[in-house]
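Here's a quick walk through the charged pairs, the chain interface and one of the pockets. Have a look at the model below first.

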Amino acid sequence: MRGGVYLSVARGAFRRYSTYRAATVAGTVTNTVFGVILASTMLALWRARPGLGGYDAAQAVTYIWISQGLLVTVAVWGGGFQDDLQARFRSGDIAVDLYRPVDFQGWWLATDLGRAGYQLLTRGALPMLAGAALFDLTLPADPLVWAEFLLAVVLAVLVSFGLRFLATLTGFWLHESEGVRAVMTVVSMFFSGMLLPLALFPGLLGELARVLPFSAMVQLPADVLLRRRTGTGLLSLYGFQLAWGAALLAFGRAGQALAVRRVVVQGG
Amino acid sequence: MAEPLRAAAARAGWALRSWWLITGMWVRSTMAYRTSFALSLAANTLVTFLDFAVLLLMFAHTRQLAGWTLAETAFLYGTSSFALGTANVLVGSVGGLGERVRSGSLDTMLIRPAPALAQLAAERFSLRRLGRLLQAVAVLGWSLTALDVHWTWDRVLMVPVLLLCGTVIFCALFVGCSCVQFWWGDAAELQNAVTYGGATVLQYPPTVFARELVAGTVFGVPLAFVNWLPALHVLGRTDPLGLPAAFRFASPLAAALCVLAAGLAWRTGLRAYRSTGS
């Protein structure tokens, strides 16, 4: 019964995003344009340094297209439920959410999973197809690898949700979480592997990037699809994603409990 | 002849004044949440620094990217980022047009006694946009000291002209592309593909990209006139497309044509606009 509620919430979010057709087309075009630009720069770098970071040129270009496909799906840039929640802080509707007979965090997680599902199908898959038409990509033919990738993407969304939920909670204290969100965008763009594969980060910076939760969002799903992690390596990858996901959700829950006690409702 | 000129000047003056007043209002409202503002400005500077950090990371692995050095690439980066950053400060808000078309709130702007375009450009103005500009100036300043260029007077003069024309071209692109939203309300992201995507292309040497793409930025969307073509003259490089040398000096003409096209698109869009009713 309970699970049914969340499922219909997720389905509702999926359908809601699917009504913005022009926005989807425009977004898909944008992801494709950026994919072409970044893939070209990677090719130039790999022409100068073949085999850099353990990737050959085709793998490096594939990495770029995977990361473009994940950008909106995993909401590396922020957004999704965050925009809705922020509007509800401003209007005071947040009080209504807290009185609902469903779990606050669970409700928003369900909407975010629905959103991510829609965006994986459109802004994930379509630019990837365009990329495959324009460049030489190394994508696996084995459907099992795609299933493993899909699981990694679901866990990536979970981690991303956990982080964005925490950022949004600061709205309870600051009334305006725009600044915190902006900082979060910087950090997650850089440390997720969205801009460059983390293998290219030098020394300590690279090691730091590998232990932070952000790597679970782009670098790790890409590792799965490029078959850089298989067997037990794959299991430890999932373990890393799950551990961060669970920890962030628990932090979010604790933060939520604190926040509810000091909620100040704005608006009439 | 003098009469219509004076009227046009008065209209332009009034548009600028409206922009200035509305901008001031939004700046005051931003300042109501100081912590958030400080964080946003810092984050904005940092986020724009990130794509330069990517360049630095790339050059940590190679001395030359498609035959260009870090200093030369930084010159392209700084000029592209400066032009985009200034245009974003001046008219970046026009991207919000689609929302106003969908909700019908563009009507409110049309009946106010100030030019709608000036109001739209100043709407939700946010000072944190200065972040990109600060960073662009820093990178450009560094590249100018690091470049190995024989500075003649025409090359020195070229730099401010390039920055001015580049800014005008990006302003025209912001306005022109936003006009798509008169017909296609929620396609705001298409504008990003041209403006932010275009600026990203220009941050890299033209030799990085396929010839078709480079040709597209000259003859399609005239982005190459922002910095690639004039930079070839400043840096004393050969043109990968082999265009006549005159193209390197044609940025002012390209900028004027862009403004004309954007103005035409805006007028056509406004004429096609039908309010949502109710």
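Over all chains, the count comes to 11 salt bridges, each being a side-chain nitrogen of Lys or Arg within 4 Å of a carboxyl oxygen of Asp or Glu. This is a predicted model, so to speak of local features we ask for pLDDT of at least 70, and side-chain atom pairs count only at pLDDT 80 or more, while totals for chains, interfaces and linings use all residues. Residues are numbered from 1 along each chain as its sequence is written, chains are lettered from A in the order in which they are written, and side-chain values use heavy atoms, with hydrogens and water left out.

| Salt bridge | N to O distance |
|---|---|
| Arg16(A) with Asp84(A) | 3.1 Å |
| Glu189(B) with Arg123(A) | 2.9 Å |

The Arg16(A)–Asp84(A) pair ties together distant parts of the chain: Arg16(A) sits in helix α1 (residues 2-18) of chain A and Asp84(A) in helix α4 (residues 81-91) of chain A, 68 residues apart. Helices here are DSSP runs of H or I with at least four residues, numbered from the N terminus.

Now for the interface. Chain B puts 32 residues in contact with 39 residues of chain A, where contact means heavy atoms within 4.5 Å. Together the two chains bury about 3000 Å², 77% of it on carbon and sulfur atoms; that is the accessible area (1.4 Å probe) lost on being put together, summed over both. The rule finds one salt bridge across this interface, along with four residue pairs in polar contact, both residues at pLDDT 80 or more. A polar contact is a pair of N or O atoms within 3.5 Å, one able to donate a hydrogen and the other to accept it; residues adjacent in sequence count only if both atoms are side-chain atoms.

On the chain B side, α2 (34-61) and α10 (188-202) each supply at least two residues, and α2(B) gives the most, with 12. By class, that side has 21 nonpolar, eight polar and three charged residues.

Finally, the second largest pocket holds about 1000 Å³ of space. Among its 25 lining residues, Ala12(B), Ala15(B), Pro115(B), Leu117(B) and Ala118(B) are the closest to the centre. A pocket is an open set of 1 Å grid points (1.4 Å probe) with protein on both sides within 12 Å along at least five of seven lines; lining residues have an atom within 4 Å.

Key:
Grid points are joined across faces, edges and corners, and a volume is the space filled by probe spheres set on the points. Ala, Val, Leu, Ile, Met, Phe, Trp, Tyr, Cys and Pro count as nonpolar, Asp, Glu, Lys and Arg as charged, and the others, Gly among them, as polar.
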